[in-house]
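Student: I am new to this structure and would like a close look at a single part of it. Please take me through that part slowly, and then show me how the chain around it is built.

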Number of protein chains: 2
Amino acid sequence: MSRVADPRTRISLLRAAEEIFAKKGLEAAKVEDIAKVAGVSKGAFYLHFETKEEAFLHVVEAFLARCSTLLAQPCGDDLPTRLEDLMELGLEHDIQLFEFFWQNRAILSILNTCNGPYAYLMGSFRKDLQENVKRGVEFFVERGAYRKDLEPNLVATLLMGAYSELATAMLSSEKKPPLRDWLLAARRIFSLGLASDRSPWERQDVSHVSLPDIPDALPSEPAERPRRAARAGRARTAR
Amino acid sequence: MSRVADPRTRISLLRAAEEIFAKKGLEAAKVEDIAKVAGVSKGAFYLHFETKEEAFLHVVEAFLARCSTLLAQPCGDDLPTRLEDLMELGLEHDIQLFEFFWQNRAILSILNTCNGPYAYLMGSFRKDLQENVKRGVEFFVERGAYRKDLEPNLVATLLMGAYSELATAMLSSEKKPPLRDWLLAARRIFSLGLASDRSPWERQDVSHVSLPDIPDALPSEPAERPRRAARAGRARTAR
DNA sequence: CCTATAACTGACCCGCCGGTCAGAAACATG
DNA sequence: CATGTTTCTGACCGGCGGGTCAGTTATAGG
């Protein structure tokens, strides 16, 4: 007995939420819009989510969870011993990660819109990353590949910033950039910058790498006037 | 004749706007709160600004304008010729910039809260920076200090990301960090990473540099429940 | 002190949007 | 097909907060 829920409803709601939240941010996103994009009524939305915030958290937290598993560096004992192989492995890991980011770029761009009470989402994400990168740096320092005098937290901050900026550049790009080239070039620069004397990383040509001329490709819509209708006149006086 | 406007009113309104916008973001900030913090009525606010958005733009754009002038690199002809001096000058410039950021950290943190139709603010800021950094890189490449095979846009992206992450770490710190140490360490790493063979930058100890253990010092208030009162029960059913 | 003018106040207005609920529609089962 | 059960609809509610304006207060000038 009883009617069975259309399994596509929930999924299209999540999809739509992803899209609208990414475009407008949490506050400015309207539940009606989400429902409309999903092709159902507002009532249906509230059958699947208690509040707008719950839907938001559902989308974001699910993404963060998937990120966490991906971020877990392969730090077991089956690591190659040769430095070159280690670097190669790291590069592949980077590429895989960025590939994932590209696939989920809509959700990723939501993270930037988390303000005020939801800043902790972005915060935990960063912390996760930072901790991870820091461990990687320490690993290489211990092995003597990176200089001993480096402050792992500082280096991790720089690395994280550089890579997250790369990710941002990717987000604002229409078509998928040459991730391998980008990440290889980045790794080269940091390898040379962090290497200890006895690390034999040679310089190589990466001139074929292309980056959007300037990442001005921000898909900024023509600034649709927000919320309420604009006022008629100017401020009354008082300068 | 006529009453003269209390000159402190406008200023305290701007101050208050800065504070509230930084704390809540544009959407969640309430005009009443701004007025209350400024110690005037809501009506007074609307004597000085046409809309909430206008006040927001006023605060942000004024800051961006000041940034622009600071960002203009000293690329005249009175530049020193020795590479070491050039680096020293660049470092001083970095320090000055970060000092400015520290002084204006409240406004700076507003930029992150610009979403949707106001994303272009952050966008133009980044573009400005990127363009600037890129020119710097090209300058060093031309002089033979950096490798010729580097893609200036890619390098600029990495640099910008690294430094803006540093700035973020600074923002989430209670007391002013040792900017000179941070920036010196960063410059060392990138110098080594970008240098051409014939650049003679020696490695130096920077182990005394300290960075907050992990920048978890995000001043995230205990997640004050946003906007409307929460609902009582759970979502009705539908799984 | 009187008057004109502009700054300032705060109670009020009103549209938007998060959330609700009575009823319609869909489906399973007998 | 009748019946019970659950999904789904969409008109509706309520309150929050941006914006207004009639009235009050401060000041300058006469």
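Student: Which residues in α8(A) meet residues in α9(B), and which residues do they meet there?

Tutor: Please keep in mind throughout that this is a predicted model. On the side of α8(A), the residues are A:Leu154, A:Val155 and A:Leu158, and in α9(B) they meet B:Trp182, B:Ala185, B:Ala186 and B:Ile189. The residues of this contact divide into seven nonpolar ones, with no polar and no charged residues among them. Where α8(A) passes α9(B), the crossing is right-handed.

Turning to the rest of chain A, its secondary structure comes to nine helices and zero strands, and of its 239 residues, 49% count as buried. One residue to look at is A:Asp94, which has its place in helix α5, residues 83–103 of chain A. A:Asp94 counts as buried because its relative accessible area is 12%, which is under the 20% cut-off. Leaving aside neighbours within four places in sequence, A:Asp94 is in contact with A:Tyr163, A:Leu183 and A:Arg187. For chain A as a whole, among contacts between residues at least 6 apart in sequence, 69% join residues at least 24 apart. Finally, chain A exposes about 12,600 Å², and carbon and sulfur atoms supply 53% of that area.

Definitions and conventions
Residues are numbered from 1 along each chain as its sequence is written. Chains are lettered from A and ligands numbered from 1 in the order in which they are written. This is a predicted model: local features need pLDDT of at least 70, side-chain atom pairs count only at pLDDT 80 or more; totals for chains, interfaces and linings use all residues. Side-chain values use heavy atoms; hydrogens and water are left out. Helices (H or I, at least four residues) and strands (E, at least two) are DSSP runs, numbered from the N terminus. Buried means under 20% relative accessible area, exposed over 50%, partly exposed in between (1.4 Å probe, protein chains only). Contact means heavy atoms within 4.5 Å. Accessible areas come from the Shrake-Rupley method with a 1.4 Å probe; for residues, only the protein chains shown count as cover. A crossing is left-handed if the near helix is turned anticlockwise from the far one by less than a right angle, and right-handed if clockwise. Ala, Val, Leu, Ile, Met, Phe, Trp, Tyr, Cys and Pro count as nonpolar, Asp, Glu, Lys and Arg as charged, and the others, Gly among them, as polar.
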